[in-house]
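Here is a protein chain to work through by question and answer. Keep the sequence and the model side by side.

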Amino acid sequence: MAAPNPPLPPRNQPLPPNTFQSVNEPALHDAYEYCLDNESQIEAGGDTTALAHARCLGYLLRELPTDGQTVVANEILECVSQDSDMNELGKFYVDHLIRLCMPFITST
């Protein structure tokens, strides 16, 4: 029998405003704007799991080192240009990055 998945990160932390500069960091700025738009659309629908996936992408853009930010921003922009589901990308990161770290996260 497989072990149950650890809980998803808190879903009640909205993304902060976009602080990436459109002149100096156009890919990051545009990708984060898509994250904010996606978050607001999903929030209106009430799907809390999809909301966690959408916010995951935005927080990755904010918190990853520069190289990681660039990779995630390019993946988000590719999703948008191909009209694919950004939430699937967010789910991928939750399932393959965030959940991977969950056993090591302890509360203090």
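Helices (H or I, at least four residues) and strands (E, at least two) are DSSP runs, numbered from the N terminus. The model is predicted: local features need pLDDT of at least 70, side-chain atom pairs count only at pLDDT 80 or more, and totals for chains, interfaces and linings use all residues. Residues are numbered from 1 along each chain as its sequence is written, and side-chain values use heavy atoms, with hydrogens and water left out.

Q: In which helix is the place of His-29?
A: Helix α1 covers residues 26-45. The place of His-29 is in α1.

Q: What pattern does the protein chain follow along the sequence?
A: The secondary structure comes to four helices and zero strands. Read along the sequence, the pattern is α-α-α-α.

Q: What percentage of the residues of the protein chain count as buried?
A: Buried means under 20% relative accessible area, exposed over 50%, and partly exposed in between (1.4 Å probe, protein chains only). The protein chain has 108 residues. The buried share of these is 34%.

Q: Does His-29 count as buried or exposed?
A: The relative accessibility of His-29 is 18%. Buried means under 20%, so His-29 counts as buried.

Q: Which side chain does a polar contact join to that of His-29?
A: A polar contact is a pair of N or O atoms within 3.5 Å; within protein, one must be able to donate a hydrogen and the other to accept it, and residues adjacent in sequence count only if both atoms are side-chain atoms. Here the contact joins two side chains at 3.3 Å. The partner of His-29 is Asp-30.

Q: With which residues is His-29 in contact, leaving aside its neighbours within four places in sequence?
A: Contact means heavy atoms within 4.5 Å. With those neighbours left aside, the partners of His-29 are Asn-18, Phe-20, Gln-21 and Ser-22.

Q: How far apart are the end C-alpha atoms of α1?
A: The expected span of a helix is 1.5 Å times one less than its number of residues. The 20 residues of α1 should therefore span 28 Å. The computed distance agrees with this, at 29 Å.

Q: Where is Cys-35, and is it buried or exposed?
A: Cys-35 has its place in helix α1. Its relative accessibility is 0%. That is under the cut-off, so Cys-35 counts as buried.

Q: How far apart in space are Cys-35 and Tyr-59, C-alpha to C-alpha?
A: In sequence, Cys-35 and Tyr-59 are 24 residues apart. In space, the C-alpha to C-alpha distance is 9.3 Å.

Q: Which residue caps the N-terminal end of α2?
A: Helix α2 runs over residues 48-63. A side-chain oxygen of the capping residue lies 3.2 Å from the backbone nitrogen of Thr-49. The cap is Asp-47.

Q: Does Gln-69 count as buried or exposed?
A: Gln-69 is found in helix α3, residues 66-81. Its contacts, leaving aside neighbours within four places in sequence, include Phe-20, Leu-28 and Leu-60. At 10% relative accessibility, Gln-69 counts as buried.

Q: Which backbone oxygen does the side chain of Ser-81 reach?
A: Ser-81 is found in α3. Ser-81 is exposed, with a relative accessible area of 60%. Its side chain reaches, at 3.0 Å, the backbone oxygen of Glu-78.

Q: What phi does Asp-83 have?
A: Asp-83 lies in the loop between α3 and α4 (86-101). At 71% relative accessibility, Asp-83 counts as exposed. Asp-83 is not a glycine, yet its phi is positive, at about 55 degrees.

Q: Which helix gives the most to the lining of the second largest pocket?
A: On a 1 Å grid over the protein atoms alone, a pocket is an open set of points where a 1.4 Å probe fits, with protein on both sides within 12 Å along at least five of seven lines; lining residues have an atom within 4 Å of a point. The lining includes Tyr-34, Cys-79, Asp-83 and Met-86. α1, α3 and α4 each supply at least two lining residues. With four residues, the most comes from α1.
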